Amino acid sequence: MPLTPEDIVGVLEGRGWEAEIVKAADMEGMVDVCPKGILKCVDGRGSDNEAMAGPKMAGGIYAIAHNRHTTSIEGLKAITKEVAAKGHVPSVHGDHSKDMMGCGFFKLWLTGRFDDMGYPRPEFDADQGAQAVKEAGGFIEMHHGSHEEKVVLINLVENKTLEPQEDDQRFIVDGWAAGKFDLDVPNFLVAAAATVEMLGGPKKAKIIVA
């Protein structure tokens with residue numbers, strides 16, 4: 001049984017979130033995914049990258065590795081190439097204050113905050129991961145500023161996304177992209193929700209449907 005938008009609302013409400021289903025037509029700023037856009041983190045902050053019309057997943061391509069329990073550098077490089085083969089620019093990111101540890105999702109994964117959810121930790125650190133992604137043809141994005149996200153947007157409309165707005169931040173999660181990479185979608189979405197919770201983000205979501 002595929003996960004319905006109502007299921008997602010139920011799971012989030014069960015975790016103490018406010019969640020509602022909204023139509024894509026009522027959401028400002030929905031854009032077609034562009035092959036030049038990077039497959040990037042859900043991070044809502046400003047960035048040195050302008051190619052924002054790619055799919056959004058927690059940690060960029062780290063979300064794929066995490067969901068599949070891929071912990072090796074070789075596995076990460078293979079995912080980088082797979083993302084490119086599927087028509088997206090693979091990426092991971094850091095930020096201007098913490099370098100490559102500036103990705104909250106990766107930091108949580110590396111430091112064992114997902115241990116109790118059954119995810120093995122990566123065998124590489126943030127710098128080694130970024131280097132591997134770069135060597136395999138991926139892009140390294142650098143964010144700046146502080147997190148001020150007000151809402152989590154979970155987009156289920158295939159091949160559409162939203163672009164981050166530095167002055168009106170929101171976490172953007174392209175749920176449909178998990179299916180494109182044959183990920184465990186419920187686990188992918190719960191990991192994204194847990195990330196927001198552990199980083200002290202807003203427990204408020206809009207689930208976007210066609």
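Q: Which residue caps the N-terminal end of α5?
A: In this predicted model, helix α5 takes in residues 126–135. At its N-terminal end a side-chain oxygen lies 3.1 Å from the backbone nitrogen of D127, and the residue that supplies this oxygen as the cap is D125.

Q: Why are the buried residues of α5 on the same side of the helix?
A: The residues concerned are A126, G129, A130, A132 and V133, each of which has under 20% relative accessible area and therefore counts as buried. In general, an α-helix has 3.6 residues a turn, so residues three or four places apart point the same way.

Q: Which exposed residues does the face of α5 turned away from its buried side carry?
A: The buried residues of α5 pack against α2, α3, β5, α4 and β6. The face turned away from that buried side carries the exposed residues D127, K134 and E135.

Q: Which strands stand at the edges of the open sheet?
A: The sheet has 4 strands with parallel pairing, in the order β1-β10-β7-β9. Two of these strands have a single partner each, so one side of each is left without a neighbour in the sheet, and they are β1 (18–23) and β9 (171–174).

Q: What angle does the direction of helix α7 make with that of β9?
A: Strand β7 is joined to β9 by 4 bridges, and L153 stands opposite I172 in β9. Helix α7, residues 185–198, packs on the sheet and touches both β7 and β9, and its direction makes with that of β9 an angle of about 170 degrees.

Conventions
Residues are numbered from 1 along each chain as its sequence is written. This is a predicted model: local features need pLDDT of at least 70, side-chain atom pairs count only at pLDDT 80 or more; totals for chains, interfaces and linings use all residues. Side-chain values use heavy atoms; hydrogens and water are left out. Two strands pair if DSSP finds at least two bridges between them. Helices (H or I, at least four residues) and strands (E, at least two) are DSSP runs, numbered from the N terminus. Contact means heavy atoms within 4.5 Å. Axes are lines fitted to C-alpha atoms, for helices over the stretch in contact, and angles run from 0 to 180 degrees between N-to-C directions. Buried means under 20% relative accessible area, exposed over 50%, partly exposed in between (1.4 Å probe, protein chains only). A polar contact is a pair of N or O atoms within 3.5 Å; within protein, one must be able to donate a hydrogen and the other to accept it, and residues adjacent in sequence count only if both atoms are side-chain atoms.
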